[in-house]
Amino acid sequence: MASNKNVVPEARAALDRFKMEAASEVGVNLKQGYNGDLTSKQAGSVGGQMVKKMIKAYEDGMK
């Protein structure tokens, strides 16, 4: 069974900042806490932007 428990609890704040940054880049207004009023398209665009940024950071690190 999957768990949402963070292995490194201190990483939670960094992940939240990363998510907020990605959301602002795609024009989605996230607020602290509950964001269940987002459409699937908005939530997907935030997640997609996060993945793009992670892949780019990884590729840049390989150079």
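Reader: What comes after helix 1, and what is its phi like?

Author: Gly27 follows helix 1, and its phi is positive, near 80 degrees. Keep in mind that this is a predicted model, where local features need pLDDT of at least 70, side-chain atom pairs count only at pLDDT 80 or more, and totals for chains, interfaces and linings use all residues. Residues are numbered from 1 along each chain as its sequence is written, and side-chain values use heavy atoms, with hydrogens and water left out.

Reader: Ok, and how many helices and strands does the protein have?

Author: Two helices and zero strands. Both kinds are DSSP runs numbered from the N terminus: helices are H or I with at least four residues, strands are E with at least two.

Reader: How far apart are the end C-alpha atoms of helix 1?

Author: They are 21 Å apart. Helix 1 covers residues 11-25, which is 15 residues, and at 1.5 Å a residue it should span 21 Å, so the two values agree. The expected span is 1.5 Å times one less than the number of residues.

Reader: Which residues of helix 1 are buried?

Author: Phe18, Ala22 and Ala23. Buried means under 20% relative accessible area, exposed means over 50%, and partly exposed is in between (1.4 Å probe, protein chains only).

Reader: Where do those buried residues sit around the axis of helix 1?

Author: Looking down the axis of helix 1, they fall within an arc of 135 degrees, so they line one face of the helix. The arc is taken from the directions that run from the helix axis to the C-beta atoms.

Reader: Which exposed residues are on the face turned away from the buried side?

Author: That face of helix 1 carries Arg17 and Ser24. As for the buried residues, their cover includes helix 2 (40-62).

Reader: Switching to helix 2, is Gln49 buried or exposed?

Author: Gln49, which lies in helix 2, counts as buried because its relative accessibility is 17%.

Reader: What does Gln49 touch?

Author: Leaving out residues up to four places away in sequence, Gln49 touches Ala22, Glu25 and Val26. Contact here means heavy atoms within 4.5 Å.

Reader: New topic! How many salt bridges are there in the whole structure?

Author: A search finds four. A salt bridge is a side-chain nitrogen of Lys or Arg within 4 Å of a carboxyl oxygen of Asp or Glu.

Reader: Why would side chains pair like that?

Author: Side chains of opposite charge can pair when their charged atoms come close.

Reader: What about Lys56, which residue is its partner?

Author: Asp60, with the closest N and O atoms 3.0 Å apart. Lys56 and Asp60 are four residues apart in helix 2, so about one helical turn separates them.

Reader: And Asp37, which residue does it form a salt bridge with?

Author: Asp37 pairs with Lys31, and their closest N and O atoms are 3.1 Å apart. Asp37 counts as exposed at 55% relative accessibility, while Lys31 is partly exposed at 39%.
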